[in-house]
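Keep the sequence open beside the 3D view as you read.

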Amino acid sequence: MIREATPSITRINPPELGTPPGYSQIVEVSAGRIIFISGQTALDSDGHVVGKSDFGAQAEQVFRNLATALQASGCTAANLVKLTVFLTDMENLARYREARNRFFASVTPTAAPAVTLVEVSKLYGADFMIEIEAIAAA
């Protein structure tokens, strides 16, 4: 008999570190599985770039791809414990946050993974403006 362990995910925000907008300072995990998701870009299922020169469209596609990867491993956004976000222009930070907030809006229980967000000079494809890699616990 195989039994799946339910993960224990605790999100901690010590007052000394301030209140983060939309993420957690610390995520403590006790889980049966840890899932590592490669960096997701704005490629559709046919390998075409979605939203060339349109950051909002690219961000939405990246989160759709992340949802697909989570589903393939039997997870949802609630299982996310860590995101690493790469933007080619920090001017897109507000639009990234809008897409992120829509992605997490329907998650129950509320999920706010630990996040690292950095600006990079370029991603592996010249047309990509955002890439997100993730870690989930199940």
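You'll find Asn92 in the loop between S4 and H2; helices here are DSSP runs of H or I with at least four residues, strands are runs of E with at least two, and both are numbered from the N terminus. Setting aside residues within four places in sequence, Asn92 is in contact with Phe55, Leu87 and Met129, where contact means heavy atoms within 4.5 Å.

A quick word on what you're looking at: this is a predicted model, with local features needing pLDDT of at least 70 and side-chain atom pairs counting only at pLDDT 80 or more, while totals for chains, interfaces and linings use all residues. Residues are numbered from 1 along each chain as its sequence is written, and side-chain values use heavy atoms, leaving out hydrogens and water.

Now for the core. Nonpolar side chains tend to be buried together in soluble globular proteins. In this model the largest nonpolar core has 29 residues, and Leu66, Leu80, Leu83 and Tyr96 have the most contacts inside it. A nonpolar core is a set of buried Ala, Val, Leu, Ile, Met, Phe, Trp, Tyr and Cys residues joined through side-chain atoms within 4.5 Å. Strands S3 (34-40), S4 (80-87) and S6 (130-137) and helices H1 (55-72) and H2 (93-104) are the elements that give two or more residues to this core. H1 gives the most, with six residues.

What about charged pairs? There are two salt bridges, each a side-chain nitrogen of Lys or Arg within 4 Å of a carboxyl oxygen of Asp or Glu. One joins the side chains of Glu60 and Arg102 at 2.3 Å, N to O. Glu60 sits in helix H1 and Arg102 in helix H2, so this pair ties together parts 42 residues apart in sequence. Glu60 counts as partly exposed because its relative accessibility is 23%.

The other salt bridge is between the side chains of Lys52 and Asp127 (3.9 Å, N to O). This pair links distant parts of the chain, 75 residues apart: Lys52 is in the loop between S3 and H1, and Asp127 in the loop between S5 and S6. Lys52 counts as exposed at 57% relative accessibility, whereas Asp127 counts as partly exposed at 30%.

Methods:
Buried means under 20% relative accessible area, exposed over 50%, partly exposed in between (1.4 Å probe, protein chains only).
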